[in-house]
Amino acid sequence: DEACDLVAGGLCAGLVTGPVSKQVIAASGGRAARRFRGHTEHLGRRLGVERVTMAFWSDAFATSLVTTHLPLRRVARAVTADGVTEATVRLVELLEALGRRSPRIMVAGLNPHAGEGGLLGNEETNCIAPGIAAARRKLGRRRAAGLKGPLGAETAYRLAAAGEVDGVVAMYHDQATIPCKLLGFGEAVNVSLGLPIVRTSVDHGTAYDLAGTGRSSSRGMSEALSLASQLASSSSNNRLKS
């Protein structure tokens, strides 16, 4: 909280966080602690931001999430057209700020095979497709030229791994983090989009089992520091915080 306030007050250029145990914090007492579900949500509340987009960046590809830390049973209801639009536009802005011109973005479906035309679910038709259409209007024809979807998540991430798209918009936490950590664990950086400050974090957990063993790696923190510095010094970073 102190670090967040220093950055928000203009005394520091960005916030870089390490891993935390959500369970330990939630059990530590106090109302704020019991509400804690992760840095993303906590920083959004502290800074008065209604919707914060969780994203991960790596040299291979970037991915943003429509929802954050939710029980799986609540995800379908939490996927909205507005959420899809925000996660899509903010992912484009992140990639542009990092030097990707006309980024190619694939929006994943929520259901298996993107719903199979409604056979396996209708969120793609009712929420995701309208969200993509609104993102196209918001971005404009040129910036939205590389935007496609919804597509089955397994295909979307296969295309990203092959270098055929620059970013994927995921609907929920594990849909994004499983491929991200399989393909770039320790190198990917968690970045919060939509905050009035630059904030990045490592892509790994607390790993209490490694404490004192000498086997921990500092690479994740180095990557998070590097990305925060790059975003803070980018002339484009104001778009990431709006």
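Let's start with T125, which lies in helix 7. Keep in mind that everything here comes from a predicted model. Is T125 buried or exposed? With a relative accessibility of 56%, T125 counts as exposed, because the cut-off for exposed is over 50%. If you look for L43, you'll find 82 residues of chain between it and T125, and their C-alpha atoms are separated by 32 Å.

## Helix 6 and its partner

Helix 6 covers residues 81-97, which gives it 17 residues. From its first C-alpha to its last, helix 6 reaches 24 Å, close to the 24 Å expected at 1.5 Å a residue. How many of the residues in helix 6 are buried? The count is 14 of its 17 residues, so helix 6 is mostly covered, with buried standing for under 20% relative accessible area. Just after the end of helix 6 sits G99, and this glycine takes a positive phi of about 95°.

Now bring helix 7 back in, residues 123-139. The axes of helix 6 and helix 7 come within 7 Å and cross at roughly 45°. As for handedness, helix 6 passes helix 7 in a right-handed crossing.

Which residues do the touching? On the helix 6 side they are A81, V84, T85, T88, V89 and V92. They meet C127, I128, P130, G131, I132, A134, A135, K138 and L139 in helix 7. Sorted by class, this contact has 11 nonpolar, three polar and one charged residues.

## Helix 8 and helix 9

Another pair to look at is helix 8 (residues 153-161) and helix 9 (residues 173-184). These two pack at an angle of about 30°, and their axes are 11 Å apart. That makes helix 8 roughly parallel to helix 9, because angles under 35 degrees count that way. Helix 8 passes helix 9 in a right-handed crossing.

The contact is made by A153, Y157 and A161 from helix 8, which meet Q175, A176, P179 and L183 in helix 9. Those residues divide into six nonpolar, one polar and no charged.

Where does S102 sit? Its place is in the loop between helix 6 and strand 4 (105-108). A114, meanwhile, belongs to the loop between strand 4 and helix 7. Each of them has a positive phi in a residue other than glycine: near 50° for S102 and near 55° for A114.

Strand 5 (residues 147-151) has a feature of its own. P150 is found in this strand, and a cis peptide bond joins G149 and P150, with omega at about 0°.

G115 is found in the loop between strand 4 and helix 7. How accessible is G115? Its relative accessibility is 0%, so G115 counts as buried. Leaving aside its neighbours within four places in sequence, G115 is in contact with L120, G121 and E124. G115 also has G152 at a C-alpha separation of 8.1 Å, with the two standing 37 residues apart along the chain.

Further along, A232 is found in helix 10 (residues 219-233). A232 is partly exposed, with a relative accessible area of 27%. What separates A232 from C12? Along the chain they are 220 residues apart, yet their C-alpha atoms are separated by 9.7 Å.

Here are the C-alpha pairs from this report side by side.

| Pair | Apart along the chain | C-alpha separation |
|---|---|---|
| T125 and L43 | 82 residues | 32 Å |
| G115 and G152 | 37 residues | 8.1 Å |
| A232 and C12 | 220 residues | 9.7 Å |

Notes
Residues numbered from 1 in each chain as written. Predicted model: local features only at pLDDT ≥ 70, side-chain atom pairs only at ≥ 80, totals over all residues. Heavy atoms only, no water. Helix = DSSP H or I, 4+ residues; strand = E, 2+ residues; numbered from the N terminus. Expected span 1.5 Å × (residues − 1). Buried < 20%, exposed > 50% of the residue type's maximum accessible area, 1.4 Å probe, protein only. Axes fitted to C-alpha atoms, helices over the stretch in contact; angles between N-to-C directions. Left-handed = near helix turned anticlockwise from the far one by under 90°. Contact = heavy atoms within 4.5 Å. Nonpolar A, V, L, I, M, F, W, Y, C, P; charged D, E, K, R; others polar. Parallel < 35°, antiparallel > 145°, perpendicular 65-115°, else oblique.
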